[in-house]
Amino acid sequence: SNPPPGMIAAGLFFLALVCLGIAADVGLALHWIKRPVRLPELAGRLSARALPWQMVLIFFGIVIAFYLLASWLYLLMFPNSGIEPKTVIFQTLFFHLPVLGLLGLLFHISGVQGGELFGIHRKTAPALLGLSVIYYLAALPLLWFYSALYQVLLHQFGCDFYMQDIAQVLLAPAPWLMRTGLFFIAIVVAPIFEEIVFRGILLPFMVRRTGFWPGIILVSLVFGGMHFHLPSLLPLFLLSAMFSLAYARTQSLLVPIGMHILFNGVTVALLLLMG
């Protein structure tokens, strides 16, 4: 039987993105040949952004405490519920937003300027967000190639593909207002939260203590593993590594945030096209 029109449209859309990605790879390669940056310089820049270990320990203590608290409250309020639209909204209200608010308070008490630490400045923001589009496109060919190999390998070992819980929630029927909120959380809130935690806080800390490549590998392993989804483990590991390299190269968290938002947004669009 012929594939549904949505599947064809999704395939053509993704193929166009990969072709643009190849062009972006060529352009970036030529740019880096003309303006190379040595690895010690990248590692030094990231290490200089590492927060004191006491502050990092306090922050991740807050993350773990609020995650456990939010999980306990959800089980208390909805004891027989699985992963549903309200689960995602509840997690944002009682985990993502409070943690970001407490991080801002921690920065204020410690005298840390978040904009300076993360390389976020109003004047350079448009150019950096534009650069995030190029970096996102450049990451796609490599990500697609190794993800396809990984899925073949999983299939050989008898592990069939299944969607993440969040993807199933986004595709499930829901009132339009709730779906709008879910899309906003998945495409905007989650990427900002995860990039602040993994690239903004954890990556410089790990690079200072373990070195450039070990730091990126360790952070990417944690990033991939915390999603608890075997079919996405390698793709998420590679994606995290690419976000980390983009942050190291550009010295602005806006670039991996933009890349992450684009990745989630395009993924949601493809899921909707494929039904």
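Me: Why are α2 and α10 called roughly perpendicular to each other?

Reply: In this predicted model, local features need pLDDT of at least 70 and side-chain atom pairs count only at pLDDT 80 or more, whereas totals for chains, interfaces and linings use all residues. Residues are numbered from 1 along each chain as its sequence is written, and side-chain values use heavy atoms, with hydrogens and water left out. The axes of helix α2 (residues 39-48) and helix α10 (residues 233-250) cross at roughly 90 degrees and come within 9 Å. The label roughly perpendicular covers 65 to 115 degrees (under 35 is roughly parallel, over 145 roughly antiparallel, the rest oblique), and α2 and α10 are therefore given it. Axes are lines fitted to C-alpha atoms, for helices over the stretch in contact, with angles from 0 to 180 degrees between N-to-C directions; helices are DSSP runs (H or I, at least four residues) numbered from the N terminus.

Me: What makes up the contact between α2 and α10, and how does it divide by class?

Reply: Contact means heavy atoms within 4.5 Å, and here L42, R45 and L46 in α2 meet Y247, A248 and R249 in α10. By class there are four nonpolar, no polar and two charged residues; Ala, Val, Leu, Ile, Met, Phe, Trp, Tyr, Cys and Pro count as nonpolar, Asp, Glu, Lys and Arg as charged, and the others, Gly among them, as polar.

Me: Why do α1 and α6 count as roughly perpendicular to each other?

Reply: The axes of helix α1 (residues 5-34) and helix α6 (residues 125-156) cross at roughly 110 degrees and come within 7 Å, and α1 and α6 are therefore roughly perpendicular to each other. The α1 side of the contact consists of F14, L17, V18, L20, G21, I22, A24, D25, L28 and W32, and the α6 side of I134, Y135, Y136, L137, A138, L140, P141 and W144. These residues of α1 and α6 divide into 16 nonpolar, one polar and one charged.

Me: What is the hand of the crossing of α1 and α6, and what is the hand where α8 passes α10?

Reply: The crossing of α1 and α6 is left-handed, whereas α8 passes α10 in a right-handed crossing. For α8 and α10, the packing angle is about 65 degrees and the axes are 11 Å apart. E195, R199, L203 and P204 of α8 make this contact with S240, F243, S244 and Y247 of α10, which by class gives four nonpolar, two polar and two charged residues.

Me: What makes a set of residues a nonpolar core, and which residues have the most contacts inside the largest one?

Reply: A nonpolar core is a set of buried Ala, Val, Leu, Ile, Met, Phe, Trp, Tyr and Cys residues joined through side-chain atoms within 4.5 Å. The largest has 59 residues, and F59, F107, F118 and I201 have the most contacts inside it. Helix α8 (residues 176-210) supplies the largest share of this core, 10 residues. Leaving aside neighbours within four places in sequence, F59 is in contact with V99, L103, L106, V197 and I201.

Me: How do you know whether Q251 is buried or exposed?

Reply: Buried means under 20% relative accessible area, exposed over 50%, and partly exposed in between (1.4 Å probe, protein chains only). Q251 has 12% and is therefore buried; its place is in the loop between α10 and α11 (254-274). Phi of Q251 is near 65 degrees, a positive value in a residue other than glycine.

Me: What makes F228 count as exposed?

Reply: F228 is at 69% relative accessibility and therefore counts as exposed. F228 lies in the loop between α9 (212-225) and α10 and, although not a glycine, has a positive phi of about 50 degrees. Most residues other than glycine have a negative phi.

Me: Why are G82 and L39 called partly exposed?

Reply: G82 has a relative accessible area of 37% and is therefore partly exposed; L39, at 37% relative accessibility, counts as partly exposed as well. G82 lies in the loop between α3 (53-77) and α4 (85-110), whereas the place of L39 is in helix α2. Not counting residues up to four places away in sequence, L39 touches F212 and W213, while G82, with its neighbours within four places left aside, is in contact with Y74 and T87.

Conventions:
Helix = DSSP H or I, 4+ residues; strand = E, 2+ residues; numbered from the N terminus. Left-handed = near helix turned anticlockwise from the far one by under 90°.
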